[in-house]
Amino acid sequence: MTKQTPGHIALLTSGGDAPGMNAAIRAATRAALARGWRVSGVRQGYAGLIADDMVPLSARDVGGILQQGGTVLGSARSPEFRTDAGQRQALAHLARRAVDALVVIGGNGSQTGAAALAAAGLPVVGVASTIDNDLAGTDVTIGTDTAIQVTLEAIDRLRTTASSHRRAFLVETMGRDCGHIALMAGLAGGAEVIVIPEAEVAPAEVALRLRAAHQRGKTHAFAVVAEGARHNAHALAQWFADHRADIGFGLRVTQLGHMVRGGSPTATDRVLATRLAAAAVDLLAAGGSGMLVGQTGGRITTTPLTDVAGRTRMPDLSLLELARTLAQ
């Protein structure tokens, strides 16, 4: 697509839904329409590309969605898209509809798919969106701030009953193979111990830290655990049951599950999504392609999709030691 030339772009959201995706859909749609372009929304992610499931989007179609969680376009996993045949079919549908460029809003798997389409010659720009915040090429992704806030609110609510009954809680939050949500929510929530895939903590050490909190006279204690950790909440609960470790507290387990992905996006996620999606349209207007739009050092940045596909970003592990120091 040449600079400022009116065209036809398609938008899709892929992978796990993230609060703020709708804000990105809204911003990309209206920024493109302001340039005189047509906009189509692909329903159900890459599966929708293969099924040729697209709808036109107008400014009014994306009105009133800014504050909504999830994605109005829907999302789905698509094993078929990982095949050459699936990608060829998707490209054929886009060509038949005279789509000039594609904006992909999603995380690791989504941007790997975007890189494949870009390699096939389609102008593609990715927008960094995943609650896991593990995407290379950006400091922060759409949805992670809301996911941390939801997890933290749960911890704060559980603290009330934990203190009343002198209990310890194992709180498991989402994040797949990344511990960013658990790390940040645990730090902000004053957890005694944080267990993440990038820095595993043995069950005996978890018990030791919870018991130490009881010995210091605390009325409650928390272990915040990432679902992808080897010793996740289920594994830890089973260890405690098998070993009957004396931690002084009664022990309860709360697995937050998919509620972490739900709810209205925070102001931070709405603004981030709006900025990234509008920048994606600007990049396409300037003739850019094959790039991920993210935020680094507070500024909007772009990274080649080839440098993003198949890579993940580690959380700041120095915060684990800070959390442990402050929990004393």
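User: Quick one on F222. Buried or exposed?
Analyst: Buried. In this predicted model, F222 has a relative accessible area of 1%. The cut-off for buried is under 20%.

User: Where does F222 sit?
Analyst: In strand β8, residues 221–226. Six of the six residues of β8 are buried, so the strand is largely enclosed by the rest of the structure.

User: Which residues of β8 are on which side?
Analyst: A221, A223 and V225 are on one side. F222, V224 and A226 are on the other. Both faces are covered.

User: OK, aromatics. How many pairs?
Analyst: Three aromatic pairs in the structure. One of them joins F169 and F222, with ring centres 5.9 Å apart and planes at 20°. Planes under 30 degrees apart count as stacked, so this pair is stacked.

User: What does the F169 and F222 pair tie together?
Analyst: Parts that are 53 residues apart in sequence, because F169 lies in β6 (residues 167–173) and F222 in β8.

User: And F169, buried or exposed?
Analyst: F169 counts as buried, at 6% relative accessibility.

User: What about W239 and F240?
Analyst: Their ring centres are 5.3 Å apart and the planes stand at 90°, so that pair is edge-to-face. W239 and F240 are both buried.

User: Which helices do W239 and F240 bring into contact?
Analyst: α7 and α8. W239 and F240 are on the α8 side, along with L236. From α7 come P203, A204, V206, A207 and L210.

User: How many of those contact residues are polar, nonpolar or charged?
Analyst: Eight are nonpolar. None is polar and none is charged.

User: What's the geometry of α7 and α8?
Analyst: The axes of α7 (residues 203–215) and α8 (residues 233–243) come within 10 Å. They cross at roughly 75°. The helices are therefore roughly perpendicular to each other.

User: Back to β8. What sheet is it in?
Analyst: An open sheet of four strands, in the order β7-β8-β6-β9. The pairing is parallel.

User: Which strands are at the edges?
Analyst: β7 and β9 (250–255). Each pairs on one side only. From one strand to the next, the twist averages 15°.

User: How many bridges per strand pair?
Analyst: β6 and β8 are joined by six, and β6 and β9 also by six.

User: Which residues are partners?
Analyst: A168 has A221 as its bridge partner in β8. I194 is partnered by V224, also in β8. L170 stands opposite V253 in β9.

User: Switching to α6. Which residues are buried?
Analyst: H180, I181, A182, L183, A185 and G186, in a helix that spans residues 180–188.

User: What do they pack against?
Analyst: α5 (144–165), β6, β7 (193–195), β8 and α11 (318–326).

User: And what comes just after α6?
Analyst: G190, with a positive phi of about 70°.

User: Now the seven-stranded sheet. What's the order?
Analyst: β3-β2-β1-β4-β5-β10-β11. This sheet is open, with mixed pairing. The edge strands are β3 (54–56) and β11 (299–304), each of which pairs on one side only.

User: How much are neighbouring strands turned?
Analyst: By 25° against each other on average, direction ignored.

User: How do β4 and β5 pair?
Analyst: Strands β4 (residues 101–106) and β5 (residues 124–128) run parallel, joined by five bridges. I105 has V127 as its bridge partner in β5.

User: Which helix packs on this sheet?
Analyst: α9, residues 267–285. It touches β1 (8–13), β4, β5, β10 (291–296) and β11. The direction of α9 makes about 140° with that of β10.

Key: Residues are numbered from 1 along each chain as its sequence is written. This is a predicted model: local features need pLDDT of at least 70, side-chain atom pairs count only at pLDDT 80 or more; totals for chains, interfaces and linings use all residues. Side-chain values use heavy atoms; hydrogens and water are left out. Two strands pair if DSSP finds at least two bridges between them. Helices (H or I, at least four residues) and strands (E, at least two) are DSSP runs, numbered from the N terminus. Axes are lines fitted to C-alpha atoms, for helices over the stretch in contact, and angles run from 0 to 180 degrees between N-to-C directions. Contact means heavy atoms within 4.5 Å. Rings of Phe, Tyr and Trp (its six-membered ring) pair if their centres lie within 6.5 Å; planes under 30 degrees apart count as stacked, over 60 as edge-to-face and the rest as tilted. Buried means under 20% relative accessible area, exposed over 50%, partly exposed in between (1.4 Å probe, protein chains only). Angles under 35 degrees count as roughly parallel, over 145 as roughly antiparallel, 65 to 115 as roughly perpendicular and the rest as oblique. Ala, Val, Leu, Ile, Met, Phe, Trp, Tyr, Cys and Pro count as nonpolar, Asp, Glu, Lys and Arg as charged, and the others, Gly among them, as polar.
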